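Keep the model open while reading.

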Amino acid sequence: EAAKDAGAKLVALSAINADDDFSRQPSRFRGDRNKEVEQLAVDSGLPWVSLRPALFATNFIGMWAGQLQAGDVVAGPYAAASSAPIVEADIAAVAAHALLTDELDGRKIPLTGPQSLTNAELLAVVGRVLGRDLRYLEIPVEQVRERFVAIGFPPEFGSAYTALLAETVDTPAPVSDEVERILGRPAQPFAEWVDRHRGAFNPRL
């Protein structure tokens, strides 16, 4: 009620797959509630905008940095699975625009990077930026699930993660032009993000 009286606006951070079956939303099994957060915004009585970003570029630090610090091979599922990673600064810039104007009110906005790339292609981008010859080693899905459990993730996380990736093996991940339409400039390429974070992927001295 205080927010309404103050004329506040609510910008929710959801996810591009918020409408998917929960069995294909791995982040739910780590505590995210993207669908519910978005619905709370819609039902809040405040002016609202819901941002639905794709895979965060920084996720690749968690997924790949340790392996690339140790060598030139990344082992993971589905070399042909694709994504269109978005740089977090682009999400923040769209959120700021949503808060400062009424242009986006009442919208659920999918946000992606400028290009859909396979895991193998994404690793090749990292290799080009770092000047290294890198290789993506596809491993069985069951092994991927076991690795997640070994580091403390619930079993359902690995199942949802691999199910999500499997859907993009034959159908490229969607690409949205909303960042460019809203900000008047293209979304930042994955290669630029890697260049700014090259220290995360280089071997430790």
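**Aromatic cluster**

Ring pairs join Phe60, Trp64, Tyr136, Phe190, Trp193 and Phe201 in a cluster. Rings of Phe, Tyr and Trp (its six-membered ring) pair if their centres lie within 6.5 Å. By this rule there are 10 aromatic pairs.

**Basis**

This is a predicted model, where local features need pLDDT of at least 70, side-chain atom pairs count only at pLDDT 80 or more, and totals for chains, interfaces and linings use all residues. Residues are numbered from 1 along each chain as its sequence is written, and side-chain values use heavy atoms, with hydrogens and water left out.

Phenylalanine 157 and tyrosine 161 form a stacked aromatic pair, 6.3 Å centre to centre with 10 degrees between the planes. Stacked means planes under 30 degrees apart. Both residues lie in helix α7, 4 residues apart, about one turn of the helix. Phenylalanine 157 and tyrosine 161 are both buried (under 20% relative accessible area, 1.4 Å probe, protein chains only).

**Helix α6 against helix α7**

Helix α6 (residues 141-150) packs with helix α7 (residues 155-166) at an angle of about 140 degrees, axes 8 Å apart. Helices are DSSP runs of H or I, at least four residues. Axes are lines fitted to C-alpha atoms over the stretch in contact, and angles run from 0 to 180 degrees between N-to-C directions.

From α6, Val141, Val144, Arg145, Phe148 and Val149 meet Pro155, Phe157, Gly158, Ser159, Tyr161 and Thr162 of α7. Contact means heavy atoms within 4.5 Å.

Conventions:
Helix = DSSP H or I, 4+ residues; strand = E, 2+ residues; numbered from the N terminus. Phe/Tyr/Trp six-rings, centres within 6.5 Å; stacked < 30°, edge-to-face > 60°. Buried < 20%, exposed > 50% of the residue type's maximum accessible area, 1.4 Å probe, protein only.
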